[in-house]
Each structure stands twice: as structure tokens, then as C-alpha cells.
Amino acid sequence: MDPGGSAVPAHPSSADSATAPPDGGSPPGPPRRPAPPVGGTVTPVTAPGDEAAVLSTAPAHGTGPASAPPGPPGHGAGPGEPPGGEPDPAGPLARERAHLDASRAALRAMRAEVEGLDISDVTANWVNAAVLQAQIDNRVKALADHAGTPLFFGRLDCRDRPDAPEAATARYYIGRRHVHDAEGDPMVIDWRAPVSQPFYRASRKQPLGVLLRRRFGWTGGELTAYEDEDLTDPSAADGAGRLLQREIERPRVGPMRDIVATIQPEQDELVRSGLDGTLCVQGAPGTGKTAVGLHRVAYLLYTHRERLARSGTLVVGPNRSFLRYIQQVLPALGELEVAQATVEELVAPGEPGGGARGADSPAAALVKGDARMAEVLRRAVRSGVTPPTEPLVVVRGSRRWRIPAHELQEIVGELLERGIRYNAAREALPQRIAHAVLVRMEAAGEAPDDRTQNAVARDRAVKALVKEVWPPVDPAKLVLRLLSDAAFLAEHAEGVLTPAEQAELVWTKPPRSVRSARWSAADAVLIDEARDLLDRTPSLGHVVLDEAQDLSPMQYRAVGRRCSTGSATVLGDLAQGTTPWSTPGWAEALTHLGKPDGRVEELTEGFRVPRDVIAYASRLLPVIAPGLTPATSVREAAGSLEIRRVPSDGAGDGEDGAPTDGTGPEDGGVTAEQARAVVEACRDALRREGSVGLIVADPRVPALAAALTAADLPYLAPGEETGPEARLTLVPATLVKGLEYDHVVLDEPAAVIAAEPGTRTGLRRLYVALTRAVSGLTVVHTRDLPPELRRAPAGHG
Ligand SMILES: Nc1ncnc2c1ncn2[C@@H]1O[C@H](COP(=O)(O)OP(=O)(O)OP(=O)(O)O)[C@@H](O)[C@H]1O
């Protein structure tokens with residue numbers, strides 16, 4: 001029997017005992033009991049225990065919403081509420097809805113106030129007026145009340161001061177943005193404010209002044225449930241409550257969403273770590289690295305708004321589909337100004353995909369991505385500098401000023417030694433020469449001033465000398481020459497690259513010009529490095545670098561110079577490195593980034609992949625990344641894992657990875673039986689709720705796309721938004737990193753491995769593909785599974 005073939009029958013269900021179906025919303029009109037005053041003021045409220053309306057005070061164990069039967073109508077609307085129908089108008093849920101209504105009204109008032117601003121008196125001219133109006137428009141946009149987005153998701157009842165009596169508490173509602181009433185008192189507090197921090201960090205062991213933490217459940221924009229934790233009882237166990245479980249286990253449809261309501265304490269520590277230090281997060285698949293990185297940007301923008309508004313922030317992701325997938329998270333958190341780019345777009349902006357067209361062999365790419373290339377380029381850039389051998393004569397009026405060659409050489413030598421950027425030195429050179437002339441003028445009794453110095457610096461003879469001594473350099477032409485002219489390369493790679501490495505670099509058919517060259521992604525990074533040697537790349541305030549394990553040292557340098565005076569958040573998983581140059585360790589990566597003091601933290605709690613699926617995928621870990629901790633899964637549902645073996649066309653089983661079916665490479669070796677079984681697995685997956693991802697080795701995409709079309713199954717491209725009409729995405733294995741689907745159908749693992757240049761890279765690609773599922777994974781294979789997957793190593797399930 002195939003040891004991996006045991007099916008785990010756990011099907012997700014939409015049933016959710018934690019919340020009621022929408023019940024028509026809150027009754028119109030004012031609540032019978034007004035919502036207690038919030039924030040800032042000491043508010044005597046009933047002791048938390050009195051509000052007996054707790055949904056669950058203890059973490060739910062083993063009866064997660066995904067496996068619980070659907071409750072009766074109204075069940076779970078909040079204890080203290082009558083089952084079904086409207087909530088008791090005096091009950092806690094009704095009071096919370098009243099606070100919601102009041103907060104919405106306050107937000108409307110805030111918006112109306114901004115909309116009603118009359119700027120005609122305060123703006124001196126139309127330019128100022130336009131600028132101010134744009135700021136007002138942005139503010140109005142930021143104050144919009146989005147129907148589907150809850151205004152708050154949590155509440156804290158805190159002891160107002162450590163010495164305050166038990167009954168004196170302050171109450172804070174925690175939400176995505178700050179809302180205040182007409183008096184300026186807060187109704188909802190921004191999740192990023194320091195006051196909100198205990199919502200994420202407080203535990204029964206360390207309550208941080210919190211008496212009660214309440215989480216709210218929402219259904220279709222309606223407040224339908226809440227769940228309390230009484231933090232005054234140290235004997236009760238901390239743990240994920242049902243609303244949290246429900247959020248984690250909800251079916252995925254559409255792009256990535258924010259996790260602001262359920263950020264976990266260890267994630268919160270990373271989100272709120274300071275702007276000045278660089279932070280690197282190593283984490284197994286689904287541990288929330290991307291989520292942490294994006295929320296960290298939102299937090300930093302809130303905390304250092306002015307500084308970052310000036311310097312800018314940027315999120316770097318592996319490809320466009322990934323960026324499309326994450327692009328709505330920051331706007332949902334109210335942050336509209338964060339740029340997003342791939343490394344390719346960073347180094348060669350303007351053209352989609354960075355304009356890179358050529359492809360390198362892995363060996364050539366390895367050398368081009370090596371940090372030693374920086375030294376080769378540095379030498380090559382400066383190679384045109386030729387110390388003058390003749391004196392310079394400058395004619396001013398009737399006088400001639402002569403600077404001897406040795407003095408000119410000294411000036412040039414000094415500029416070279418100072419290590420300033422090539423073009424900055426090139427600009428400084430005429431001024432230095434002019435200075436030498438001025439010294440002579442003064443010695444001769446003249447009284448030259450700054451204008452004289454500038455005039456000398458612009459003198460024709462000086463200009464001609466500068467052009468000859470310090471010639472202008474075009475970065476692309478320089479790289480073109482290095483890659484086309486073996487002698488030029490050898491001159492500058494001497495002692496840095498071996499002759500064999502140099503041979504990898506040189507094009508066999510050199511292009512005629514920069515424009516006709518088929519630049520590869522690695523070439524674009526070389527050009528970027530050369531450009532930076534000429535002129536300093538402007539630095540942003542903060543850069544988030546996701547899927548960082550795949551960057552070459554030269555790519556790290558390219559990202560690093562874009563945050564040279566700022567800081568970075570580096571996110572990645574060494575086990576998911578699938579480039580030939582992928583990062584061996586974070587210390588090295590941080591050094592290339594120019595942030596050797598960066599702090600490395602690890603996340604191991606998985607929020608995506610169900611237990612059985614992550615245990616299965618983790619069988620590969622000892623081979624692909626020995627020493628890394630396998631992720632745990634906080635999801636309660638074990639998930640479904642099914643391995644379907646398809647009988648081959650009678651050709652018999654071959655060796656691992658070898659096609660045995662006699663099909664040609666043009667269809668990627670997909671047999672008719674395999675295609676049928678894959679389509680069937682997709683149909684099965686589509687019977688369930690949520691998104692479905694069909695992951696296939698890149699060469700097999702056309703054959704399986706044709707099979708889906710023939711079977712009348714519409715499908716999307718990765719990053720395209722799933723919706724009710726199309727929930728199935730056909731994803732080439734090389735594009736699936738960072739993405740997730742409720743149910744994953746994985747076609748032919750042996751082909752995924754075979755599509756990569758080496759077995760280790762292949763197994764890592766397979767590990768990425770195996771860890772995309774939120775609730776279920778079906779592996780469909782004709783060829784043998786890799787032996788690493790068939791063996792269950794001790795402790796890995
Ligand atoms: N605290 C949380 N509450 C709810 N959902 C969470 C939480 N943390 C992470 N998630 C969810 O878990 C899933 C995985 O998160 P994310 O994509 O950030 O993980 P990752 O570590 O970047 O994964 P990968 O290594 O595969 O790129 C996402 O759907 C995310 O929204």
C-alpha cells in the first residue's frame with residue numbers, strides 16, 4: 001500500500017455554531033440603555049462576570065466550527081439573547097449594536113465635518129487650494145464606512161489604573177480606525193494605538209490590566225455574536241476561542257484579507273517592533289509571515305506617519321500574481337500609499353516584468369547573482385579613469401594658469417580613494433581643479449570669488465580634461481561590454497572569479513547594442529548595481545521583502561540600497577528556497593542586504609495548512625532544510641489528505657521521476673487517465689465550499705488547461721480573483737509560492753520535481769505546492785511519489 005495513501009476523511013463544513021445567521025440587524029431607534037461611555041474616562045460598569053452574556057470563556061477543544069453541526073436559528077447570537085429573532089433589547093448584544101450604531105453615526109459626523117470644510121478663506125492661491133482639497137478628499141475617503149467591514153472587532157474592559165478599584169474600569173472598542181464623538185471622546189480606537197496593544201497581548205497569566213476581552217462575530221456586516229475572556233481568573237487556560245478558530249478556518253475566496261482582529265501575541269510582537277531595526281522572520285508555510293509584514297507596514301505608518309510619508313514605504317514580492325493577491329490588505333487597513341513591486345520591476349522599472357527577456361542557465365545565473373560581481377562591477381566602472389599625464393593650462397583674460405600633471409594626478413587619486421559615487425566625483429573634479437587654479441590666482445595677488453571658481457570649473461580646457469580623465473559611463477553599456485568582451489571581463493574579474501566562472505558569463509553571441517540585447521533578470525540587477533556605483537540610489541524609509549529566501553546576493557544588495565538609510569522587514573522560509581542561489585542562512589542574507597545587525601525571529605504556528613497535510617509535507621524537511629522546525633497547525637480540523645494513484649497505460653511503473661507512459665514532451669507527459677483523474681479531483685473539490693487550486697508542473701499546464709476546457713470547467717489564472725462563477729485556479733508550480741486555496745489538487749509530484757534543475761530544488765518546489773491547502777489536499781499521480789514523501793520520518797507523522 002502506498003504509505004502516503006491513507007485518506008483522512010474530514011470535510012470542511014460551512015456550519016458555524018459560534019454565530020447566528022443574520023437576524024435582521026439592530027432595532028431602529030435609540031437603545032433602551034445607552035452604551036456606556038468609553039475610553040479615557042473611568043467608567044463604572046458592572047463587573048465583567050455580571051454581563052453573563054459570554055459565548056465561551058474557555059477555548060473550544062476538538063469541536064471547532066468546521067466540524068460542529070449547524071446550530072438552530074439564532075443559536076450563538078450571544079448568550080443572554082433569546083434564540084431566534086431580534087436580540088433582547090436590554091441584552092448585551094443589543095447594547096453592543098447600539099454602540100455600533102452610535103459609532104457609525106459619529107463616523108458619519110466626522111466625515112460630514114470634513115466634507116463641509118470651507119477652504120476659500122484659508123488658501124492664498126489656487127495651487128494651495130488644490131493641494132488642500134486633495135488632502136480633504138483623501139481624508140473623506142479614509143472616513144468612509146464600508147458596509148462589509150466591521151467598525152470594531154473587539155472590546156477591552158481595563159482597570160483604569162493599577163491602583164483603581166475593581167469596579168472602576170475604562171472600556172475601549174478596538175477597530176480598524178479611530179472614531180470619536182462630538183466631544184472628541186473616542187468611540188473606537190485604532191488597533192495600532194498603544195491602548196489597543198493589550199487586546200493582542202494580554203493573557204490570564206499577564207493580564208496587562210485587562211479584566212475582560214471581548215471579540216465580536218460578524219456575519220455580512222452585521223454584529224451577530226461575541227465571545228468573552230475573563231482575564232481575572234488565572235486558573236483558566238488561555239487559548240484560541242471559537243471566533244478566532246472560525247476566522248482561521250473560514251473558507252478562502254478572493255484575495256488575501258487582513259487579520260487585524262486575530263493577530264496572535266507572537267505575531268503582534270513582530271508587527272509592533274520598532275522602525276529603526278531590521279527584522280527578519282523565518283517561518284514555515286502559513287505561519288503568517290506575509291500577514292505580519294503587511295500589518296507591520298500599517299503599524300509603522302500609523303506610528304511614524306510623517307517620517308514615512310516623506311521617505312516612502314515599499315512591499316517587494318516574488319511576482320505580479322502574488323502582489324495582486326496581497327494588494328487589498330493595506331488599503332483595507334486604510335493605507336493607500338504603499339508601493340508594491342517585484343525585484344525585477346525595482347531594478348528595471350517602466351516595463352511590466354522589468355523588461356527582462358533573456359534567460360540564464362542556472363550556472364550563469366549563479367555567477368551573476370554572486371556578491372563578488374559587485375567587486376567586478378566596481379572595478380569596471382572605475383576602469384575608465386585615467387590619471388592625466390599632461391599639465392593643464394587655463395586661460396583667464398590675459399593670464400594663463402598652469403596646473404602640473406602630478407597635482408592633477410593627486411586630485412584624481414584622492415577622489416578615487418574617497419570612494420564617493422562615480423558621478424559625484426566626476427562633478428567634484430572640475431571644482432577641485434578650479435580650486436587649484438584659484439589658489440594660484442590668490443598667490444599672485446588676485447581676489448577671486450565663488451563666481452570665478454565656477455567660471456573656471458566650466459572652462460573649456462577643464463571640461464575637456466574631465467571628459468578624458470573621468471569619462472561618462474553608461475551602466476547598461478558597461479554590463480554589455482563585461483558580458484561580451486572576455487578580455488575586458490578578465491581584466492576586472494582577475495582574482496575575483498575563476499576562469500570557469502568568467503566563461504559562464506560571456507555571451508556566445510554578443511548582441512550588437514544595449515537595445516537589442518536579451519537582458520535576463522540577473523543582468524538587470526547587474527545594471528542596477530552599476531547604476532548605483534554611478535549615482536546613489538535614493539533610500540525609502542521602510543521596505544518589506546517577502547519570499548526573501550529566493551533572492552540572490554546581488555538582488556539583496558539591490559533591495560538593500562533602496563532602504564540604505566531606512567529599515568527592512570525580511571520574510572521567508574529557507575525550506576521554500578527554489579532558486580539555484582537561494583539563501584543558505586539569514587545572517588548571510590542580512591549581510592548582503594546591508595543590515596547585518598538585523599534581528600532574526602521564527603514563527604512556527606501554522607494558520608493555513610491543516611495538521612495532516614503539514615505533517616505529510618514536513619516529511620520532506622529533513623532533506624530540503626535539515627534543522628528547521630516543522631510547523632504546527634492551530635487549525636482544529638485535521639483537514640483532508642487524499643493520495644489518488646492512477647494506473648498507468650500498462651507501461652508499468654518506471655523509476656521515480658521518469659515518465660513511463662510514452663507521451664511526448666509537448667503535452668508534458670500527461671496521460672489521458674491522469675488528465676481524467678485530475679479533472680475528477682477538481683470536480684470533487686468544487687463540490688466543497690471555497691477556492692480550488694490545481695497545481696501542476698509548468699510544462700504540463702497546456703495539457704491540463706485543455707483537459708479542463710474539454711470538461712467544461714472554467715478556470716482562472718493565479719492572482720485572478722475567485723468569485724461565485726469561477727473558483728478554480730490553474731496554477732503553474734513556479735507561481736504558487738505565497739498563495740493559498742481552500743482545496744488543492746496537486747498533479748503528479750514527480751513532474752513537479754523533474755521540472756526543476758536539481759532534486760533538492762525540485763523537492764522544495766514540491767514542499768511549496770503541498771503547503772498551499774487551507775482545508776484539503778488531493779494528490780493525483782501516475783508516476784511513483786518521491787521516496788522522501790513515502791517515508792514518514794520519526795516525529796513527522
Ligand atoms: N493571526 C491570524 N489570524 C487569522 N488568520 C491568520 C493569522 N495569521 C495568519 N493567518 C492566515 O493564515 C494564512 C497564511 O498566512 P500567510 O500567507 O501570511 O503565511 P506565510 O507564512 O506568508 O506563508 P507562506 O510561507 O506560504 O508564504 C493566511 O490566510 C492568513 O490570513
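Reader: Which helix supplies the largest share of the shell around the ligand?
Author: In this predicted model, 20 residues surround the ligand, and the closest are T262, G288, K289, T290 and F607. Two helices, α4 (242–249) and α6 (289–303), each supply at least two residues of that shell. The largest share, three residues, comes from α6.

Reader: How do the residues of the shell around the ligand divide into nonpolar, polar and charged?
Author: The shell holds 20 residues, with T262, G288, K289, T290 and F607 as the closest of them. Sorted by class, the residues of this shell are six nonpolar, nine polar and five charged.

Reader: In what order do the strands of the six-stranded open sheet stand, and which are the edge strands?
Author: The pairing in this sheet is parallel, and the strands follow the order β10-β9-β13-β14-β8-β15. Averaged over the sheet and with direction ignored, neighbouring strands are turned by 15° against each other. Pairing on one side only marks the edge strands, which are β10 (339–342) and β15 (599–603).

Reader: Which residue of β10 does G317 stand opposite?
Author: Strand β9 (residues 313–317) runs parallel to β10, and four bridges join the two strands. Within this pair, the residue of β10 that stands opposite G317 is T342.

Reader: Why is one side of β18 and of β20 left without a neighbour in the sheet of five strands?
Author: This open sheet has parallel pairing and the order β18-β22-β21-β19-β20. Because β18 (640–645) and β20 (728–732) stand at the edges, each has a single partner strand. From one strand to the next, the twist averages 20°. The reason asked for is thus the place of β18 and β20 at the edges.

Reader: What stands opposite L746 in β22?
Author: Strand β21 (residues 741–747) and strand β22 (residues 773–781) run parallel and are joined by six bridges. In β22, the residue standing opposite L746 is V779.

Reader: Which residues make the contact of α12 with α20, and how do they divide by class?
Author: The crossing in which α12 passes α20 is right-handed. From α12 the contact takes M373, A374, L377, R378 and V381, and from α20 it takes L526, E529, A530, L533 and L534. By class these residues are eight nonpolar, no polar and two charged.

Reader: How does α11 lie against α20, roughly parallel or oblique?
Author: The axes of helix α11 (residues 362–369) and α20 come within 9 Å, and they cross at roughly 15°. Because angles under 35 degrees count as roughly parallel, the relation of α11 to α20 is roughly parallel.

Reader: Which residues of α20 does α11 meet?
Author: The crossing of α11 past α20 is left-handed. On the side of α11, the residues are A365, K368 and G369, and those they meet in α20 are A522, D523 and L526.

Reader: What handedness has the crossing in which α14 passes α15?
Author: The axes of helix α14 (residues 422–443) and helix α15 (residues 450–457) come within 8 Å and cross at roughly 120°, which makes α14 oblique to α15. Here P430, Q431, A434, H435, V437 and L438 of α14 meet T452, Q453, V456 and A457 of α15, a contact of six nonpolar, four polar and no charged residues. The handedness of the crossing is right-handed.

Key: Residues are numbered from 1 along each chain as its sequence is written. This is a predicted model: local features need pLDDT of at least 70, side-chain atom pairs count only at pLDDT 80 or more; totals for chains, interfaces and linings use all residues. A residue is near a molecule or strand if its C-beta atom, placed from the backbone, lies within 6 Å of it. Ala, Val, Leu, Ile, Met, Phe, Trp, Tyr, Cys and Pro count as nonpolar, Asp, Glu, Lys and Arg as charged, and the others, Gly among them, as polar. A crossing is left-handed if the near helix is turned anticlockwise from the far one by less than a right angle, and right-handed if clockwise. Two residues are in contact if their C-beta atoms, placed from the backbone, lie within 7 Å. Two strands pair if DSSP finds at least two bridges between them. Axes are lines fitted to C-alpha atoms, for helices over the stretch in contact, and angles run from 0 to 180 degrees between N-to-C directions. Angles under 35 degrees count as roughly parallel, over 145 as roughly antiparallel, 65 to 115 as roughly perpendicular and the rest as oblique.
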